[in-house]
Amino acid sequence: MANQAGTRMAAQERLSQVTDHLKASEADIPTGREALLEKHPDDIVVTCALRTPITKGGKGSFKDTPAADLLHGAFVNLVSRSGIDPALVEDIAVGSVLPPGGGATEFRAAALAAGFPVTTAVKSLNRQCSSGLQACVDVANMIRVGMIEVGIGAGVESMSSQYGPGAVTEFSPLLESVPESANCKVPMGVLSEKMAKSKNIPRTKQDAFAASSFQKAEAAQKAGLFDEEIAPLTVKWTDPKTDEEKTITVSKDDGVRQAMTAESLAKIRPAFAKDGSIHAGNASQISDGAAAVLLMKRSTALRLSQPILGKLVTASVVGVPPLLMGVGPAAAIPPCLKRAGISVADVDIWEINEAFASQCLYCVEELGIPIEKVNPKGGAIAFGHPLGCTGARQVSTLLYELRRRKERVGVTSMCVGTGMGMAAVWVAE
Amino acid sequence: MLEFRTQGFNGYSVKYSPFFDSRIAVAASANFGLRNGMRSSQTTSPRLHPINLFFRFDTQDSLYDLAWSEAHESQVLCASGDGSIKLFDLSLSDFPIASWQEHAREVFSVHWNLLTKTTFLSSSWDGTIKIWDPSSSSSLTTLPTHSCTYSASFSPHNPSVLSAVSSDSHLRVFDLRTPASASNHLTLSIPIHTPPKPRMGVPAPVGIPPAEALTHDWNKYRDSVLAVGGVDRAIRTFDLRSPGAGPVAVLPGHEYAVRRLAWSPHLSDVLLSASYDMTCRVWTDGSAVGVKGGGEEVADPMAFGGGREMGRMGRHTEFVTGVDWCLFGAEGWCASCGWDERVLVWDVRAVMGG
């Protein structure tokens, strides 16, 4: 059996070699979207992607569940859904923003508890809100250069237990003395408020965008469109009214408020300035959640008979001024599309993280993206933004929706605190 | 034109014996060399009418190239898809008399040293060239190219010099007389896709993207001249005396990748090519006195150096993968093989000037 698979592989590689010889004229070499849709043995493919439900920070269903337990839940489900032999997974990268020490110790422990052998390496990384995507990209790059064959990119955040002023250390006088570096600690709400003003994005537009995010998420939830990507978790939960500890099974995002409209959002008081436009209803929610993505080369997936969800084409990360943190996607998406050889019109679905309605709207308008292609199942405004988890969460949200609509090309992107943007191009199969 | 059918086997390489004008060997593979199965190396005797199968060997994996031994008239070396190199003897049994297994991937070319006659080389998809002594069970030297090397060959003028072309669009020349060092005897590495130097009155050539090089051959008379062909369809000649000058001649014309090149053993400017476009073409590289061509014709903007196509043979009905000149007798006889399961023996003069 193994020998037969090897034979098939060799034959496939020889065939693709001869095919390459025949691509003699420029006309024969597909470019743009067509080239992107081709399948090659060295593609980095996703064979399983899932997430836990995302729940409200401080009062949601995961308020008493530590980050490592959420991660453990994602791992266990990833292994059981994909059927991958845990011993084949050589490295796991976990993006997480808030845990002390980066979470390195408890994430390694979570992997061991989830049944990975001691030979499976684990690292934690932190590129703020893009940590989950960075984890996937890091693992994909390691696979691409041949350092590992099979890896997991993951992200997790328990904002219930770890969000707060302790997440940033005091700036030294040196950092305070350089204006641009001192800007790195300006709270995001404050700088987004300024940005909304300077980029001229009125509150009405933001509220309309936020309301549509809630409405899309509500509709998607009712239609069961999240069911494929969500892995339900059973956790302990203390009822705040009775202090009674219960065991509950969580299978739905609990932040999606029903029947939201731009009018109902218009009543909420601004959070960061009296005359401001940003409030709790048009910014991302504080949440808990975890997500994981299983990555390998197409050739490996065929050898292991893993089903292929899609592939990671390329990614980019670009810095922007810290005070304009929100423009990150507008800066990161163009080079990413260029590297993939496609244009804005070639993309079927955009998953652009809704840190704030203002910055997401700005990026969408700046790049000329049709708004109906952005976050078709809603975004962080409706169901939350567990910081480190989001980048990995978008992968399953995107790939399952592309598959359902029989569309192919998607982009995930987000702005990153301290002034960065990250983006990645994916192709569903 | 004489024809022999390699029933069930798609040809990959054809070579005339350096000892007998009546012997041709063919390396062929079942299923287009894409999947395992029975493969064969065949020796035919074309002088008799029709061509007779003289000897046949079957192997377990595809064969991509072969070379007659320069030291022993009945020995043939084969490059195998399983990474091995096998030596067959026509006077002995069905089994190879020697087999060398060091390459990690498909072996794409083998070539015997024409001058010392005691060594041969092989090149492989694994990104290495290996030099062997048939009496030794392991290779003498390994030269890395770091990319799939479709073609490697010893210089016919100097026993220590060898060349190779690879999928990275580079022509490499190695000189084994150089001391062992980190350069691994590499003396020249020429980017094949370099456009020719700009000429007076002609706009500077635009950049040409790199393309996989599939074949090359040393000129038999001019010891510094090589011809290279590959995926970008053009044949180029290079002069190793001025490696930075770009190609001496560029010969466009093939509609698909060039799979095999062979300089004439009789004329210093004549070149034969075999291509995926199902034709074999005869070319002059423009170096011979009085053969300047293309003056009045509408020149292809890619063409350079005064060379031109002199004729073509279009009788193959599938990719043509191998072509070789007969060393003996009247100049111009050659053999070609292809995926149409046929070996054709024909006279180049018959297709010229048409």
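Biologist: Is B:Glu341 buried, exposed or partly exposed?
Modeller: B:Glu341 is partly exposed, because 17 other C-beta atoms lie within 10 Å. A residue is called buried with 20 or more other C-beta atoms within 10 Å of its own, exposed with 12 or fewer, and partly exposed in between, the C-beta atoms being placed from the backbone. This is a predicted model: local features need pLDDT of at least 70, side-chain atom pairs count only at pLDDT 80 or more, and totals for chains, interfaces and linings use all residues. Residues are numbered from 1 along each chain as its sequence is written, and chains are lettered from A and ligands numbered from 1 in the order in which they are written.

Biologist: What about the phi of B:Glu341?
Modeller: Phi of B:Glu341 is near 65°, a positive value in a residue other than glycine. Most residues other than glycine have a negative phi. B:Glu341 sits in the loop between β27 (333-338) and β28 (342-347) of chain B. Helices (H or I, at least four residues) and strands (E, at least two) are DSSP runs, numbered from the N terminus.

Biologist: And B:Ser169, where is that found?
Modeller: B:Ser169 belongs to the loop between β15 (161-166) and β16 (170-175) of chain B. Its phi is also positive, near 70°. B:Ser169 counts as buried because 22 other C-beta atoms lie within 10 Å.

Biologist: Staying in chain B, how many residues of strand β12 are buried?
Modeller: Five of the five residues of β12 (128-132) of chain B are buried. B:Thr128, B:Lys130 and B:Trp132 point one way from β12(B), while B:Ile129 and B:Ile131 point the other way.

Biologist: Which strand does β11 of chain B join, and by how many bridges?
Modeller: β11 (120-124) of chain B is joined to β12(B) by four bridges, and the two run antiparallel. Strands count as paired if DSSP finds at least two bridges between them. B:Lys130 in β12(B) stands opposite B:Ser122. The hairpin of β11(B) and β12(B) has three residues between the strands, and B:Gly127 there takes a positive phi near 85°. Four bridges also join β12(B) to β13 (141-144) of chain B, again antiparallel. There, B:Ile129 stands opposite B:Leu143.

Biologist: What is the order of the four strands in the open sheet of chain B?
Modeller: The order is β18-β19-β20-β21, with antiparallel pairing. β18 (213-218) and β21 (249-251) of chain B stand at the edges with a single partner strand each, so one side of each has no neighbour in the sheet. The twist from one strand to the next averages 20°. Within this part of chain B, β19 (225-230) and β20 (235-239) pair over five bridges. B:Val228 has B:Arg236 in β20(B) as its bridge partner.

Biologist: Now chain A: how many helices and strands?
Modeller: Chain A has 16 helices and twelve strands. Of its 429 residues, 53% are buried.

Biologist: At what angle do α10 and α14 of chain A cross?
Modeller: The axes of α10 (203-222) and α14 (357-367) of chain A cross at roughly 95° and come within 9 Å. Axes are lines fitted to C-alpha atoms, for helices over the stretch in contact, and angles run from 0 to 180 degrees between N-to-C directions. The two helices are therefore roughly perpendicular; angles under 35 degrees count as roughly parallel, over 145 as roughly antiparallel, 65 to 115 as roughly perpendicular and the rest as oblique.

Biologist: Which residues make the contact?
Modeller: A:Lys205, A:Gln206, A:Phe209 and A:Ala210 of α10(A) make it with A:Ala357, A:Ser358 and A:Leu361 of α14(A). Residues are in contact if their C-beta atoms, placed from the backbone, lie within 7 Å.

Biologist: Where does UniProt place the active site?
Modeller: The unreviewed UniProt entry places the feature "active site" at A:Cys129, A:His385 and A:Cys415. They span 287 residues in sequence, yet no two of their C-alpha atoms are more than 12.0 Å apart, so they gather at one spot. UniProt positions are given in the numbering used here, feature names are shortened, and annotations may be inferred rather than shown by experiment.

Biologist: Is A:Cys129 buried or exposed?
Modeller: A:Cys129 counts as buried, with 32 C-beta neighbours inside 10 Å. It is placed in the loop between β4 (121-125) and α5 (131-144) of chain A. Leaving aside neighbours within four places in sequence, its contacts include A:Asn353, A:Ala355 and A:Cys415.

Biologist: And where is A:His385?
Modeller: A:His385 is in the loop between α15 (380-383) and α16 (390-404) of chain A. A:His385 is buried, with 27 C-beta neighbours inside 10 Å. Not counting residues up to four places away in sequence, A:His385 touches residues including A:Ser284, A:Asn353 and A:Ala355.

Methods
Contact = placed C-beta atoms within 7 Å.
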